[in-house]
Amino acid sequence: MKQLKRVKISEALRLASEGEEINVKGWVRTRRGNKSVGFVALNDGSTINNIQIVIDIADFDEEMLRLITTGACISVNGELVKSQGQGQSVEIRATEIEIYGSADPAAYPLQKKGHSLEFLREIAHLRPRTNTFGAVFRVRHHMSYAIHKYFNDKGFYYFHTPIITASDAEGAGSMFEVSTLDMNNPPRDKEGRVDFSQDFFGRQTNLTVSGQLEGELGAMALGAIYTFGPTFRAENSNTPRHLAEFWMIEPEMAFYDITDNMDLAEDFLKYLIRYALEHCREDIEFLSKMYDGEVIDRLNFVVENDFVRLTYTEGVKILEASGEKFEFPVHWGTDLQSEHERYLVEKHFKRPVILTDYPREIKSFYMKQNDDGKTVRAMDVLFPKIGEIIGGSEREADYNKLMNRVKETGMHTDPIWWYLETRRFGTAPHSGFGLGLERLLMFVTGMTNIRDVIPFPRTPNNVEF
Ligand code: 4AD
Ligand code: MG
């Protein structure tokens with residue numbers, strides 16, 4: 001085959017210079033045609049759009065042509081010409097074709113179009129090759145980049161927090177343990193309990209549920225940091241919004257109070273959505289056409305409107321007065337379920353909502369305590385279709401108040417002694433929040449199951465790919 005520079009299909013489709021000889025490589029999406037001419041839709045992942053390859057059957061080896069079936073990978077040399085057909089501006093008239101890898105039509109699972117999302121989850125090793133997942137994963141990339149760009153441009157430092165920790169940041173206790181002990185025959189102490197002093201780290205360890213505690217150490221030195229990494233929760237909640245392994249972005253800022261924190265969260269989300277509308281337009285339009293015709297309207301709506309800010313107490317009053325039949329009854333003191341959050345956002349305010357000042361009993365130990373003795377300076381950002389997309393707070397900066405709360409909740413101080421020291425040495429007012437990347441992606445793509453916005457979802461009983 002003649003050596004030509006490979007051009008990505010996204011580039012080729014933009015090329016105006018007809019008559020140019022180029023090389024493209026990619027996977028066959030469809031092949032149709034007749035005895036004399038074949039049409040191949042080729043995709044290489046660089047764009048949702050395929051490029052059409054036109055093959056003059058008489059010019060090629062029959063054996064080779066037989067291998068050009070859906071799923072096969074090919075390399076094509078040819079001339080870029082104006083397209084005769086509809087739906088594309090240019091196509092490639094093939095002069096040479098090389099088969100990199102065939103895909104037996106009898107065995108290739110993506111032979112036909114229109115598979116259900118459920119079926120595609122069972123072939124997660126191949127689903128990135130579909131239009132849907134190509135689009136979703138390109139959006140995921142662009143959002144990740146935009147997150148780094150946003151914080152970098154604002155002077156925040158990317159601070160790497162550990163994945164293996166000895167502490168429980170959320171105090172919730174649903175953690176995956178990390179151990180190299182022999183589970184069938186672990187060493188035991190005098191009381192018969194597993195002796196973690198003989199484990200790899202010399203103590204009990206787990207996968208992190210949040211980088212926040214370490215992130216606060218960063219903020220108390222660098223001023224403003226963010227983390228962006230995998231986070232693990234062993235909750236057995238099989239919902240369309242929960243993963244056992246998800247990616248979280250956690251900014252933490254010295255000298256920010258709760259209002260600064262809310263302002264940042266709102267600005268950040270609007271920036272990301274604007275970025276998606278600008279840089280992922282074709283992919284989102286495709287997803288909108290396929291799954292959710294209102295997604296672009298929702299994105300524009302969020303960018304154009306102020307978020308409503310109100311307290312948990314006010315929110316509960318609205319819910320109680322709503323007359324709505326909720327699956328979980330609601331009164332002051334209960335943790336809000338997604339049905340309550342969505343009622344406030346979708347039915348009552350019809351706008352994103354930031355709820356603040358939650359009862360301290362349902363929130364984490366580190367949140368700043370209000371003077372009323374009942375509530376803490378928490379903030380949850382609630383989105384249409386999603387419910388909670390961000391959770392955060394101003395932090396308790398007072399050593400004694402923090403210690404009281406640690407004791408009240410029955411937490412051990414031993415695994416977090418280093419965290420408590422931030423309040424002894426140069427403590428400062430500070431705030432932060434956590435954005436779940438997959439929740440953001442659900443909102444931006446309109447996908448309704450969180451398993452469909454991460455390449456390899458981890459949920460109970462699901463870890464095959
Ligand atoms: O509200 P969460 O639990 O807050 C924290 O972990 C804090 N340490 C954050 C902080 O203040 N630095 O989680 C934050 C966000 C949620 O709003 C949600 O978007 C996402 O993380 N999230 C999950 N996403 C997918 N699957 C799960 N199991 C999630 N749990 C939380
Ligand atoms: Mg939360």
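These legends describe close-up views of a predicted model.

**Figure 1. Ligand 1 and its shell.** In total, 24 residues surround ligand 1. The closest are E170, Q212, R233, E250 and E388. Three strands, β11 (245–254), β15 (387–394) and β16 (430–436), each supply at least two residues of this shell. The largest share comes from β15, with five residues. By class, the shell has eight nonpolar, eight polar and eight charged residues.

Figure 2. The side chain of Q212 places an N or O atom 2.7 Å from a nitrogen atom of ligand 1. For R233, a side-chain N or O atom is 2.8 Å from an oxygen atom of the ligand. For R395, the side-chain N or O atom is 2.9 Å from a ligand oxygen atom. Taken alone, ligand 1 exposes 630 Å². The protein buries 93% of that area. Q212 and R233 are also listed among the closest residues to the ligand.

**Figure 3. The second largest pocket.** This pocket has a volume of about 930 Å³. Its lining is made of 37 residues. R29, N50, K113, N131 and F286 lie nearest the pocket centre. Elements that give two or more residues to the lining are the strands β1 (21–33), β2 (37–43) and β3 (51–56), along with the helices α4 (131–153) and α7 (281–290). By class, the lining has 14 nonpolar, 15 polar and eight charged residues.

Figure 4. Domain 1 covers residues 9–101, and domain 2 covers 127–174 + 209–452. Both domains give residues to the lining of the second largest pocket, so the pocket lies between them.

**Figure 5. The largest cavity.** Rolling a probe the size of a water molecule over the atoms shows where empty space is left. A search of the whole structure finds two cavities of 30 Å³ or more. The largest cavity holds about 60 Å³ of space. R121, A124 and R127 are among the residues that line it. The lining also includes F456, P457 and R458. N462, V463, E464 and F465 belong to the lining as well. By class, the lining divides into five nonpolar, one polar and four charged residues.

**Figure 6. The second largest cavity.** About 40 Å³ of space lies in this cavity. Its lining includes R233, E235 and S237. H242, L243 and A244 also line the cavity, as do R458, T459 and P460. The lining divides into three nonpolar, three polar and three charged residues.

Figure 7. Most residues other than glycine have a negative phi. D357 is not a glycine, yet its phi is positive, at about 55 degrees. This residue is found in strand β13 (residues 353–359). K385 is not a glycine either, and its phi is positive at about 70 degrees. K385 is found in the loop between β14 (375–383) and β15. Strand β15 also gives five residues to the shell around ligand 1.

Conventions. Residues are numbered from 1 along each chain as its sequence is written. Chains are lettered from A and ligands numbered from 1 in the order in which they are written. This is a predicted model: local features need pLDDT of at least 70, side-chain atom pairs count only at pLDDT 80 or more; totals for chains, interfaces and linings use all residues. Side-chain values use heavy atoms; hydrogens and water are left out. On a 1 Å grid over the protein atoms alone, a cavity is a set of points where a 1.4 Å probe fits but cannot get out, and a pocket is an open set with protein on both sides within 12 Å along at least five of seven lines; lining residues have an atom within 4 Å of a point. Grid points are joined across faces, edges and corners, and a volume is the space filled by probe spheres set on the points. Helices (H or I, at least four residues) and strands (E, at least two) are DSSP runs, numbered from the N terminus. Ala, Val, Leu, Ile, Met, Phe, Trp, Tyr, Cys and Pro count as nonpolar, Asp, Glu, Lys and Arg as charged, and the others, Gly among them, as polar. Domain bounds come from an automatic or database domain assignment. A residue is near a molecule or strand if one of its heavy atoms lies within 4 Å of it. A polar contact is a pair of N or O atoms within 3.5 Å; within protein, one must be able to donate a hydrogen and the other to accept it, and residues adjacent in sequence count only if both atoms are side-chain atoms. Accessible areas come from the Shrake-Rupley method with a 1.4 Å probe; for residues, only the protein chains shown count as cover.
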